[in-house]
Amino acid sequence: AYTTIGSTTAASGGDGRITYQWLRNGSVISGATATTYLPTQAGTYTRQAKDGTCNTTWVTSTGSWVVTVVSVPAVPTLSATTTCEGTAITFTAAASGVTGYDWSGAGVTAGSATAATRASTATTAGSYVAQVRSYLTSSGITCFSAYTSNVTGVIVAIPAVPTLTENGPKCEGTAITFTSTAVTGASGYQWAGAGVTASTGTARTATSNATTAGSYVARVRAYITAGGKTCSSA
């Protein structure tokens with residue numbers, strides 16, 4: 001926004017009606033003939049006055065008004081990471097030629113900073129919302145862009161550790177079946193151990209990789225996949 005310059009106090013002297021003329025960078029501004037002027041461009045402004053009788057030539061005011069225009073920066077782009085429980089979301093803003101960013105939203109600490117990133121206020125599973133606007137400071141003036149739309153980052157829950165059982169012992173020639181308990185919210189299970197074939201999927205059971213006499217060891221963990229992020233239990 002621009003601020004009116006000049007003075008509402010009329011010029012003194014002369015014996016006729018005083019008229020005014022504003023100039024920008026030494027050039028006459030057409031139609032700018034009031035005691036004050038609302039500039040619309042950067043530049044150095046001066047005001048002249050005359051009364052048409054005693055002073056028929058323009059007299060330039062003492063001093064001048066220097067107007068600095070600070071551009072309103074572009075609305076930044078805003079992105080958010082998807083993380084596992086215990087790790088904060090990182091919100092990242094991007095805009096060219098700005099001084100910094102002003103953050104808002106329930107998922108972040110509000111405030112201005114030069115850093116283009118901000119972490120979520122918590123690391124527990126859930127959705128966290130942020131928005132941001134950019135700002136540009138010049139000559140003591142700060143101008144802000146509009147805010148971005150709300151952007152949501154997600155912290156994916158780490159599932160509980162499943163309980164693993166097996167149906168042995170078995171007679172030679174019959175495989176052992178390992179069974180995982182169902183874990184609430186799990187997308188699937190990841191099998192490992194020397195006694196089973198490593199695999200990832202929705203199956204809660206795995207069979208020993210041989211049927212010869214011996215001992216067979218297996219391990220399993222649950223995982224949740226959301227927003228392209230997979231988070232696993234121990």
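Modeller: Asn-25 lies in the loop between strand 2 (19–24) and strand 3 (27–28); strands (E, at least two residues) and helices (H or I, at least four) are DSSP runs, numbered from the N terminus. This is a predicted model, in which local features need pLDDT of at least 70 and side-chain atom pairs count only at pLDDT 80 or more, while totals for chains, interfaces and linings use all residues. Residues are numbered from 1 along each chain as its sequence is written, and side-chain values use heavy atoms, with hydrogens and water left out.

Biologist: What is the phi of Asn-25?

Modeller: Most residues other than glycine have a negative phi, and most peptide bonds are trans. Asn-25 has a positive phi, near 55°, although Asn-25 is not a glycine. Asn-25 counts as partly exposed because its relative accessible area is 49%; buried means under 20%, exposed over 50%, and partly exposed in between (1.4 Å probe, protein chains only).

Biologist: Which residues does a cis peptide bond join?

Modeller: Gly-168 and Pro-169 are joined in this way, with omega about 0°. Pro-169 is in the loop between strand 17 (164–166) and strand 18 (177–180). Ala-175 belongs to the loop between strand 17 and strand 18 as well, and is partly exposed at 24% relative accessibility. Between the C-alpha atoms of Ala-175 and Tyr-216 the distance is 9.8 Å, with 41 residues separating the pair in sequence.

Biologist: How many salt bridges are counted?

Modeller: Side chains of opposite charge can pair when their charged atoms come close. The rule asks for a side-chain nitrogen of Lys or Arg within 4 Å of a carboxyl oxygen of Asp or Glu, and the count comes to one. Asp-102 and Arg-133 form a salt bridge, with 2.9 Å between the closest N and O atoms. Asp-102 is in strand 11 (residues 100–104) and Arg-133 in strand 14, so the pair ties together parts 31 residues apart in sequence. Asp-102 is buried at 9% relative accessibility, whereas Arg-133 is partly exposed at 21%.

Biologist: Is Ser-134 buried or exposed?

Modeller: Ser-134 counts as buried because its relative accessibility is 0%. Ser-134 is part of strand 14 (residues 126–138), and its side chain reaches the backbone oxygen of Ala-74 at 2.7 Å. Contact means heavy atoms within 4.5 Å; beyond neighbours within four places in sequence, the contacts of Ser-134 include Pro-73, Val-98, Tyr-101 and Cys-143.

Biologist: Which residues make a nonpolar surface patch?

Modeller: Patches are made of residues with over 30% relative accessible area and no salt bridge; nonpolar side chains (Val, Leu, Ile, Met, Phe, Trp, Tyr) are joined within 5 Å, and like charges within 9 Å. Tyr-2, Leu-38 and Val-69 make one of about 250 Å², with areas from the Shrake-Rupley method and a 1.4 Å probe, where for residues only the protein chains shown count as cover. Leu-38 sits in the loop between strand 4 (36–37) and strand 5 (43–50).

How values were computed. Polar contact = N/O pair within 3.5 Å; in protein donor to acceptor, adjacent residues only side chain to side chain.
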